[in-house]
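Please brief me on this structure.

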Amino acid sequence: MIKSEICEMLGIKYPVFQGGMAWIADGKLAAAVSNGGGLGIIAAGNAPGEYVREQIKIARSATTKPIGVNIMLLSPYADDIADIVIEEKVEVVTTGAGNPSKYIKAWNQAGIKVIPVVASVAMAKLMTRLGASALIAEGGESGGHVGELTTMVLVPQICDATDLPVIAAGGIADGRGVAAAFMLGACAVQMGTRFLSAEECTIHPTYKEKILKATDLCTMVTGKRLGHPVRSLRTQFARDYSKAEYGGMPDDELEALATGALRLAVKEGDNQKGCFLSGQIAAMVKKEQPAAEIIKEVMDGAEPILLRAQSWVK
Ligand code: TUI
């Protein structure tokens, strides 16, 4: 059994977080992950506060274990949701795509563990100083909004920059990834793409099928020109967007092209206009299975690798 300080801090069995995937990580998926011994996280994405409150209630009705909410800081509703997580006494808040400084004090006063995603050393130092409980170091292998650095490069640098526990994310989907993350200094992992294949993940069947059929070179990054690079499956939409982006389409038209594309992928499985966010690791996601089984399989897979590590040292 692999245990680390994050298990004690949060009262969870396995050091595994489920990524806060916008439009995807709802109360049902979060509860399944928490019941499986990990930390289930509800994604606020761009949804209004009342949606998030409803998902928290759904999760609470399905689990007594701790849950988290991920606040996407580019959302127009971020301020509302920052209050709602306090009202609903959520155990953990993770943040993404920005700087959560202005909220940290209030969350800490409410007893919430604050765990921001950081994509740079400077942000890691700032979050440490402002009272975060742990940090998620998410490399650019991940799906969705991506930073510049890879997991391999980012995790050890974040570990050097803070005394807080570090959760590694980006490009992790099996025991080898977990073992590697621990070797880099992390004490937990966050997985998003691997949980897309969870039975309790209610994305459109076309989305799931695309993940299960994905191969090594199946993702690409678009959106760099507008300042928010996003990794997704190399679909018609991604190709069209990329062509428009480098073909000189005006910014407002480019924004309009992307509007609603996440929803179209998740809810409609729209092959032409949907944006199917995915990490590079999709090729290693092979079958649909319950979230609890995913967590156990991944963590059981890491054990023999970590045990064998000392055989390298003569
Ligand atoms: O946030 C994510 N992944 C996401 S968010 C998302 S929805 C979206 N909607 C519109 C535009 C872009 C995305 C889909 N996937 N991951 C966490 C993450 N956070 N990755 C990188 C960062 C990050 C980047 C900059 C965290 C902090 C940061 O600080 C910048 C600053 O303000 O100094």
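Predicted model: local features only at pLDDT ≥ 70, side-chain atom pairs only at ≥ 80, totals over all residues.

In which hand of crossing does helix 8 pass helix 13? Helix 8 passes helix 13 in a right-handed crossing. Residues are numbered from 1 along each chain as its sequence is written, and side-chain values use heavy atoms, with hydrogens and water left out. Helices (H or I, at least four residues) and strands (E, at least two) are DSSP runs, numbered from the N terminus.

**Helix 8 and helix 13**

- Helix 8 covers residues 175–183 and helix 13 covers residues 291–308.
- Their axes lie 7 Å apart, and the packing angle is about 55°. Axes are lines fitted to C-alpha atoms, for helices over the stretch in contact, and angles run from 0 to 180 degrees between N-to-C directions.
- That angle makes helix 8 oblique to helix 13. Angles under 35 degrees count as roughly parallel, over 145 as roughly antiparallel, 65 to 115 as roughly perpendicular and the rest as oblique.
- Helix 8 brings Gly175, Arg176, Val178, Ala179, Phe182 and Met183 to the contact. Helix 13 meets them with Val298, Met299, Gly301, Ala302, Ile305 and Leu306. Contact means heavy atoms within 4.5 Å.
- Nine of the contact residues are nonpolar, two are polar and one is charged. Ala, Val, Leu, Ile, Met, Phe, Trp, Tyr, Cys and Pro count as nonpolar, Asp, Glu, Lys and Arg as charged, and the others, Gly among them, as polar.

**Helix 10 and helix 11**

- Helix 10 (residues 236–246) and helix 11 (residues 251–258) have axes that come within 10 Å and cross at roughly 175°.
- Helix 10 is therefore roughly antiparallel to helix 11.
- Phe237, Tyr241, Ala244 and Glu245 of helix 10 make the contact with Leu254, Leu257 and Ala258 of helix 11.
- Six residues of this contact are nonpolar, none is polar and one is charged.
- Helix 10 also lies across strand 10 and strand 11, at about 35° to strand 10.

- Eight strands form an open, parallel sheet in the order 1-9-8-6-5-4-3-2. Two strands pair if DSSP finds at least two bridges between them.
- Strand 1 and strand 2 stand at the edges with a single partner strand each, so one side of each has no neighbour in the sheet.
- Neighbouring strands of this sheet are turned by 25° against each other on average, direction ignored.
- Strand 1 runs parallel to strand 9 (residues 188–191), joined by three bridges. In strand 9, Gln190 is the bridge partner of Phe17.

- Three strands form an open, antiparallel sheet in the order 7-11-10.
- Strand 7 and strand 10 are the edge strands, each pairing on one side only.
- Two bridges join strand 7 (residues 144–145) to strand 11 (residues 230–233). His145 stands opposite Val230 in strand 11.
- Four bridges link strand 10 (residues 219–222) with strand 11. Met220 has Ser232 as its bridge partner, and Val221 has Arg231.

**Helix 2 and its cover**

- Helix 2 (residues 27–35) is mostly covered, with seven of its nine residues buried. Buried means under 20% relative accessible area, exposed over 50%, partly exposed in between (1.4 Å probe, protein chains only).
- The buried residues are Gly27, Leu29, Ala30, Ala31, Ala32, Val33 and Ser34.
- Their cover includes strand 1, strand 2, helix 3, strand 3 and helix 13.
- Just after helix 2, Gly37 takes a positive phi of about 100°.

**Two single residues**

- Gln55 sits in helix 3 (residues 49–62). Gln55 counts as buried because its relative accessibility is 7%.
- Leaving aside neighbours within four places in sequence, Gln55 is in contact with Asp26, Gly27 and Ile42.
- Asp216 sits in the loop between helix 9 and strand 10. Asp216 counts as exposed because its relative accessibility is 59%.
- Asp216 touches Gln280 and Ala283, not counting residues up to four places away in sequence.
- Asp216 and Ile136 are 80 residues apart in sequence and 25 Å apart in space, C-alpha to C-alpha.

Terms used
Left-handed = near helix turned anticlockwise from the far one by under 90°.
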